[in-house]
Structures are given as C-alpha cells and as structure tokens.
Amino acid sequence: MTTIVVMAKTPVTGQVKTRLCPPFTPLQAAQLAQEALLDTLDTVLATPATRRVLALAGSPGAWVPAGFEVVAQHGDGLDERIANALAPLSGPVLVIGMDTPQLTVRHLTLPWAPYDAWFGPAADGGFWGLGLRDPDPELVRGVPMSCTDTGAIQLARLRAAGLSVGILPTLRDVDTAEDAEAVAAAAPGSRFAARHSALTADLSADVSADLEVTSVG
C-alpha cells in the first residue's frame, strides 16, 4: 500500500482561496477551503494506505480527523515544501493537494506495477497528484510552481530521470468562482458542494435584495 500525503493550509479567513473573492467574501472563501480540505481528508481516510500524513502550513485544529499524522510544512516555495515532506518517507508515496474535493478512492488507489511514478495533471496546467515508488525529493525540488507549465515541467522531470510514469485523470483545482461551480457539480454529494450551494443561494438572495432596493429607489 501507499503512504498518502496531503499538502494543505489551515483555512484561515483572508489567507486561503483569495481568488474566490469576489463574488465570495474572505470568510466564505475560507469556508469553501475548509470543506474542500475535509472532503479530501475523508477520501484519504477511506483509501487503504500504509500511512496518512497531513503536511500543514498553519496550526491544526479540532477539524483534523483521527488517523492522520500532522507535520509542519517548511521551505520557501511549494517545491521545497513538497520535497521536505517527501524526505523522511519511504515509498511508495502519493502527494496530493487540498483543492480537488472531487477526488475519489479510485483516484488514490494506485497499482504500482509496472510504474515508478504516477502523475495527476490539473486542468490549469499544474498537477493535483504526484506518486513516487521511491520518494526522491530532488525529483520535485526546483520545479517552478503555480505556472501554466508546472505540470509539464514536473512530468518532464520524472521522465528525464528514466521513470516509467502512469497518468491519472485530469482534475480541476478550485481557484476561481468558475472552478468552484464546476467542482461542486462534479462532486454533488460532497461537503464542498453543499457549502457552495448554500453560499451561492445567499449571493443570489443578496443580489435580488439589491435589485429590489434599486427598483424602489
């Protein structure tokens, strides 16, 4: 079985999912981030794994479920933080983020033979998952993150190292309001979808109220 590492940030208002604002408020964006993270942790808990590690930027709270080892992220960039999370682990390891609450157990259950690595591309050009039979931090260190070609560079790095790479389905990260709508539709039974539905209903109500006030005025 595989060790699964979730790279996450504590969902603090004003510090997560700021690209959702507007139309959402910073508090609402943090609420969506928290639900996305909780959905991800639930799926990881349901997946057979050797270990489950939450590599966290920020302080853990009561929202962290039992069954996870919580370790602090450290490093200047995301590439360094992923590399440092990999360094103490033995393989195989799968590293995922907190931005794809539509993940399922099937996405995370990796048949390693005949592959040395697994790569989960994201629709924005990044990647949502990186699996390594031998978790060498140098395979990630130095890869430019949050760019439209991040995924292509990371995949090329794996292949240049002579690794046989399995390709996972392309998933959409939650970055913008448009992303949030699409991901909620892809995971209709999730916490994220329920929160998104409630918040968008509130937004619609606010718009209707504003229109009524304008009309009366």
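The chain has a mean pLDDT (the predictor's confidence in each residue, from 0 to 100) of 94, and 94% of its residues reach 70 or more. This is a predicted model, in which local features need pLDDT of at least 70 and side-chain atom pairs count only at pLDDT 80 or more, while totals for chains, interfaces and linings use all residues. Residues are numbered from 1 along each chain as its sequence is written, and side-chain values use heavy atoms, with hydrogens and water left out.

**Confidence**
- Where pLDDT is low, the predicted coordinates should not be read in detail.

**Aromatic pairs**
- Rings of Phe, Tyr and Trp (its six-membered ring) pair if their centres lie within 6.5 Å, and planes under 30 degrees apart count as stacked, over 60 as edge-to-face and the rest as tilted; the count comes to 2 aromatic pairs.
- The ring centres of Tyr 115 and Trp 118 are 4.8 Å apart with the planes at 65°, so this pair is edge-to-face.
- Phe 119 and Phe 127 make a tilted pair, with 5.7 Å from centre to centre and 45° between the planes.
- Phe 119 and Phe 127 are both buried (under 20% relative accessible area, with exposed over 50% and partly exposed in between, using a 1.4 Å probe and protein chains only).
- Trp 118 also counts as buried, at 9% relative accessibility, whereas Tyr 115 is partly exposed at 27%.
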